[in-house]
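These notebook entries record what I looked up in one structure.

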Amino acid sequence: MAKKWQKALEDCDRALSLEPNSVKAILRAGKSSMELGQFHKSIQFYRKALELEPNNKQGSSELKIVEDVLSKIEKAKTFLEQKKFSDALSIYSALSTAIDSPQVRLGQGEALLGLKQFGHATRIANDILQDDPENLDALLLRGKSMFYSGHLEAGEAWGKKALSRDPDFKPAQEFVRRIRRINRLKEEGNEHFKFRRYEAALKSYEDALQEDPGLDPINKMLYANVAATLMSLEKYEEAERNCTKAIDIDPDYDKAIIRRGKCRMKLEKFEEALRDFEAAQKKDPSSREIRNL
């Protein structure tokens, strides 16, 4: 659909190069720009048409439409900044025009990321890239979808792909840096833990958790790692709390459930520990770790 409007805009540009005051071509250019999500450009076209024909009903009507759409999109962006993702998505989804424009689709994608609907966000990014393989924001959206699904390497690859098109694209720069920081801190923590440097391991894991509170697939593992480290320091109450944080993210995370059960045994919460072990066994009856308890 975007290609259709892009071609229409190019046709209008050619017509206006021959006849700059053609109101028909100007109105068509305004409509094409609006459908492409180029709202400020669209407003300029409509205002020019109304300068030439102040009583043009089509120009007046469509100018009001594009100004209303622009106002709604600005409101949706505010909701995104406030992390009110459902409200932002509702606005984008209710638009009656420009619904296929990259700007609107990208806004929907960001809202879907916030709602953890990563598959849907990925499809939006792919749709945009099919029409425009060089769209930097769509490349980054694709990377974020992979990143928040827990695929850090794939996410970084998409971020790098955006930077290969524009090395100065700051959102991609920060995105790639953040992935590298999380990976570095996670690996540092694992190395410290391996050599029983538990306080250092704890700091690395906790620093990694601060990088992105919304990174559920990685954060659940980091909370479990924090718990394991605290258990090695015999801080079982804190370890239990961190296991629960991991389980809150993923109620089926067997490692955290078993680990919490072990903490509760140390804290003499025997009934609660038994419930954890039974829950873990129910999820994985063949678990060797459960059999060896």
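The entries below follow the order in which I looked things up.

I noted that this is a predicted model, in which local features need pLDDT of at least 70, side-chain atom pairs count only at pLDDT 80 or more, and totals for chains, interfaces and linings use all residues. Residues are numbered from 1 along each chain as its sequence is written, and side-chain values use heavy atoms, with hydrogens and water left out.

Entry on Gln108. I located Gln108 in helix α6 (residues 102-114); helices are DSSP runs of H or I with at least four residues, numbered from the N terminus. Gln108 counts as buried because its relative accessibility is 11%, and buried means under 20% relative accessible area with a 1.4 Å probe, protein chains only. Leaving aside residues up to four places away in sequence, I found that Gln108 touches Leu89, Tyr92, Ser93 and Ile124 (contact means heavy atoms within 4.5 Å).

Entry on aromatic rings. I found 4 aromatic pairs in the structure; rings of Phe, Tyr and Trp (its six-membered ring) pair if their centres lie within 6.5 Å, and planes over 60 degrees apart count as edge-to-face, under 30 as stacked and the rest as tilted. One of them, Phe147 with Tyr148, is edge-to-face, at 4.8 Å centre to centre and 70° between the planes. The pair of Phe147 and Phe175 is edge-to-face because the planes stand at 80°, with the centres 5.3 Å apart. Phe147 lies in helix α8 (residues 136-148) and Phe175 in helix α10 (residues 170-194), so this pair ties together parts 28 residues apart in sequence. Both Phe147 and Phe175 are buried. I also recorded that Phe118, Phe147, Tyr148 and Phe175 form one aromatic cluster.

Conventions:
Helices (H or I, at least four residues) and strands (E, at least two) are DSSP runs, numbered from the N terminus. Buried means under 20% relative accessible area, exposed over 50%, partly exposed in between (1.4 Å probe, protein chains only).
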